[in-house]
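Biologist: Could you take me through one part of this model at close range, with the cut-offs behind each term? I would like to hear about the aromatic rings and what surrounds them.

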Amino acid sequence: QVQLVESGGGLVQPGGSLRLSCAASGSIFSINIMDWYRQAPGKDRELVAATTTGGDTNYADSVKGRFTISRDNAKNTGYLQMNSLKPEDTAVYYCNGEVVLDSYGSTWHGWGQGTQVTVSS
């Protein structure tokens, strides 16, 4: 029905940058939510960046000023630009989406499969 696929992860040195993408495919009328979470080994999944219905953005304190969330609605794709990466940013990054399926307002809510980000020298 709907699939979210993340890409753009990899190995990067401290201080480097990566841009993650989350592409939504399937029966999509519009996208309400496309937020980013991460989960480090042995830790709970945490919210990294989100956009509100009013268009504001929220970031975890640990990434403020370094990460930027954005979305291209025409491409049904969300992005997470990550700059000045630190070893503590190492985690699997997931996008979380709420997609409107039709003009009646039916929605689908789910997760992508995740993409690994490793920050290490």
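Modeller: Happy to! A charge sits over a ring if NZ of Lys or CZ of Arg is within 6 Å of the ring centre and within 35 degrees of the ring normal. By that rule, the charged end of arginine 45 sits over the ring of tryptophan 111, 4.5 Å from its centre. The charged end of arginine 45 also sits over the ring of tyrosine 94, at 3.7 Å from the centre.

A word on the ground rules: this is a predicted model, where local features need pLDDT of at least 70 and side-chain atom pairs count only at pLDDT 80 or more, while totals for chains, interfaces and linings use all residues. Residues are numbered from 1 along each chain as its sequence is written, and side-chain values use heavy atoms, with hydrogens and water left out.

Now the rings themselves. Rings of Phe, Tyr and Trp (its six-membered ring) pair if their centres lie within 6.5 Å; planes under 30 degrees apart count as stacked, over 60 as edge-to-face and the rest as tilted. The structure has two aromatic pairs. Strands here are DSSP runs (E, at least two residues), numbered from the N terminus.

How accessible are these two? Buried means under 20% relative accessible area, exposed over 50%, and partly exposed in between (1.4 Å probe, protein chains only). Tyrosine 37, at 21%, therefore counts as partly exposed, and so does tryptophan 111, at 38%.

The other pair joins tyrosine 94 and tryptophan 111, again edge-to-face, with 6.4 Å centre to centre and 90° between the planes. Tyrosine 94 is in strand β9 (residues 91-100), 17 residues from tryptophan 111 in strand β10. At 13% relative accessibility, tyrosine 94 counts as buried. Together, Tyr37, Tyr94 and Trp111 make one aromatic cluster.

Strand β9 also holds asparagine 96, which counts as buried at 7% relative accessibility. Its side chain makes a polar contact of 3.0 Å with that of histidine 109. Such a contact is a pair of N or O atoms within 3.5 Å; within protein, one must be able to donate a hydrogen and the other to accept it, and residues adjacent in sequence count only if both atoms are side-chain atoms. Leaving out residues up to four places away in sequence, asparagine 96 touches (heavy atoms within 4.5 Å) several residues, including Tyr37 and Trp111 of the cluster.

Terms used: Helices (H or I, at least four residues) and strands (E, at least two) are DSSP runs, numbered from the N terminus.
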